[in-house]
Amino acid sequence: MKRRFELIIGLAIVLFVGAVFTSARAYQKQVRHDAKVELQKSAKQKALPKSSAKDTGLAGDEAPTAETAKASTKTKMNPVNWKKSSQKNEYPDLDKHPQAYLKVSIAKQRVYVMDGKNVLYTMYASTGSKDSPTPTGTFHIQKERGDFFYNAASKEGAKYWVSFKDHGIYLFHTVPTDKNGKFIPKEAQQLGKEAQSHGCVRLSVPDAKWIYKNVPEGMKVEIH
């Protein structure tokens with residue numbers, strides 16, 4: 001009887017020790033697995049570019065860089081409004097861009113202030129209609145410019161005009177006005193949408209005023 005009791009006690013001890021050993025091994029295995037996962041996650045986060053890390057939520061509340069913020073402003077256009085400037089950001093400082101030029105896109109009804117291949121500013125425009133197309137090619141800003149003109153033949157005028165061809169014939173200027181200098185809303189609403197001019201390049205009032213005051217004689221103009 002005593003012998004049987006000792007055997008039972010011994011077996012219980014063996015089973016208990018085995019269970020403890022198995023549990024300890026499982027715990028160590030789980031710890032190693034968790035540590036491996038954390039190391040992989042840390043390495044992946046370090047390898048990601050800042051933009052990708054932010055997209056996956058790994059970068060927390062990291063703010064965009066100054067370069068990213070500056071680049072995003074280049075494409076932020078205001079809704080088409082002939083009374084306002086075309087873009088939300090400020091006009092470029094031409095003193096910092098001595099090689100700047102104007103590029104007119106008839107297809108897109110836009111005027112781009114360019115420096116090489118870089119777009120410094122984008123303006124809504126309205127170029128010549130099919131009956132009176134805007135000439136295409138390479139031109140240069142001429143010396144003629146003024147704050148107002150009126151053409152009795154077309155019964156339209158404009159403000160802030162700058163000549164780029166034929167010395168006062170083909171111009172950059174505002175949307176049309178009547179003989180009293182009051183803007184004609186019906187014509188102005190075509191800005192950035194349709195080619196409606198008599199060959200000139202129509203612009204919003206602030207955009208035309210900026211060109212009138214800042215674009216120098218001799219600046220290249222490309223129209224296509």
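Cys200 is found in the loop between α4 (185-188) and β8 (201-203); helices (H or I, at least four residues) and strands (E, at least two) are DSSP runs, numbered from the N terminus. The model is a predicted one, in which local features need pLDDT of at least 70 and side-chain atom pairs count only at pLDDT 80 or more, while totals for chains, interfaces and linings use all residues. Residues are numbered from 1 along each chain as its sequence is written, and side-chain values use heavy atoms, with hydrogens and water left out.

Cys200 counts as buried at 10% relative accessibility (buried means under 20% relative accessible area, exposed over 50%, partly exposed in between, with a 1.4 Å probe and protein chains only). An unreviewed UniProt entry lists Cys200 together with His173 under "active site"; such positions follow the numbering used here, feature names are shortened, and annotations may be inferred rather than shown by experiment.

Leaving aside neighbours within four places in sequence, the contacts of His173 (heavy atoms within 4.5 Å) include Phe149, Tyr160, Trp161 and Cys200.

The structure holds eight aromatic pairs, where rings of Phe, Tyr and Trp (its six-membered ring) pair if their centres lie within 6.5 Å, and planes under 30 degrees apart count as stacked, over 60 as edge-to-face and the rest as tilted. Phe149 and Trp161 make an edge-to-face pair, with 6.5 Å centre to centre and 90° between the planes. Phe149 sits in strand β5 (residues 145-151) and Trp161 in strand β6 (residues 156-165), twelve residues apart. Phe149 is partly exposed at 23%, whereas Trp161 is buried at 16%. Tyr160 and Tyr212 form a tilted pair, at 5.5 Å centre to centre and 45° between the planes. Tyr160 belongs to β6 and Tyr212 to helix α5 (residues 205-214), so this pair ties together parts that are 52 residues apart in sequence.

Elsewhere, strand β2 (residues 110-115) has five of its six residues buried. Strand β1 (residues 101-105) pairs with β2 in the antiparallel sense over five bridges (two strands pair if DSSP finds at least two bridges between them), and Val104 stands opposite Val111.
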